[in-house]
Amino acid sequence: MESFLNSQMGIYVVLFLMLLGAFLIGYLFGNQKDEKQVVNDKVKQVVEQVREVERKLDRVEKRVEISDLSEPGQVRAMKTRDRTGKLSDDAKTEIVESILDLDYIGKGNPSHPDDFQKIVGIGPFVEEKLKSIGINSYEQLSRLRDQDTEAITMLIEFFPGRIHRDDWKGQATALLKLKKKKK
């Protein structure tokens, strides 16, 4: 046996066994976590769970406070869109009144509207949109200011700058003069 340990092969076997032992010791003892680390991990998990419960509780408390403030019958929702997704007439009226100065440009007579299709750049679709926001006469179009033009562009979802380029105000003024001469 002694001759085997002194031989080169013996040295390799002893070296292999020593390395195997070192590996096993490291593997067995290295996988065990320190008890302190295990406890810290569990404490972190519990703290995170407590914070999540506190967040949920805060949301519930806020809902309760809001519901305490509102009483049935005091708040009325306004229908702003119809089933197709378009603005409802009530919503349009409210938006038009808040954006467009109808006191300055005047209120046209919806029962006797002027023919806007005589104005270059206004087709049946745009004419209908103008009438839906309360613009029915050449006189109204002839009184448009820049802010009114911008408001109309937004309200009828028209191309920006197109009203100026097509000179609706000038065309409406000319048509208004012709209309007055015929009377």
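Q: In which helix is Glu 52 found?
A: The model is predicted: local features need pLDDT of at least 70, side-chain atom pairs count only at pLDDT 80 or more, and totals for chains, interfaces and linings use all residues. Residues are numbered from 1 along each chain as its sequence is written, and side-chain values use heavy atoms, with hydrogens and water left out. Helices are DSSP runs of H or I with at least four residues, strands are runs of E with at least two, and both are numbered from the N terminus. Glu 52 is in the element that covers residues 35–69, helix 3.

Q: Which side chain makes a polar contact with the side chain of Glu 52?
A: A polar contact is a pair of N or O atoms within 3.5 Å; within protein, one must be able to donate a hydrogen and the other to accept it, and residues adjacent in sequence count only if both atoms are side-chain atoms. At 2.6 Å, the partner of Glu 52 is Arg 55.

Q: Is Asp 166 buried or exposed?
A: Asp 166 is in the loop between helix 9 (162–165) and helix 10. The classes of relative accessible area are buried (under 20%), exposed (over 50%) and partly exposed in between, with a 1.4 Å probe and protein chains only. Because its relative accessibility is 17%, Asp 166 counts as buried.

Q: How much space lies in the second largest pocket?
A: On a 1 Å grid over the protein atoms alone, a pocket is an open set of points where a 1.4 Å probe fits, with protein on both sides within 12 Å along at least five of seven lines. Grid points are joined across faces, edges and corners, and the volume is the space filled by probe spheres set on them. For the second largest pocket this comes to about 230 Å³.

Q: Which helix gives the most to the lining of the second largest pocket?
A: Lining residues have an atom within 4 Å of a point. Of the 16 here, the closest to the centre include Asp 114 and Lys 179. Helix 7 (138–142) and helix 10 (168–182) each give two or more residues. With three residues, the element that gives the most is helix 10.

Q: How many helices are in the protein?
A: Read along the sequence, the pattern is α-α-α-α-α-α-α-α-α-α. There are zero strands, and the number of helices is 10.
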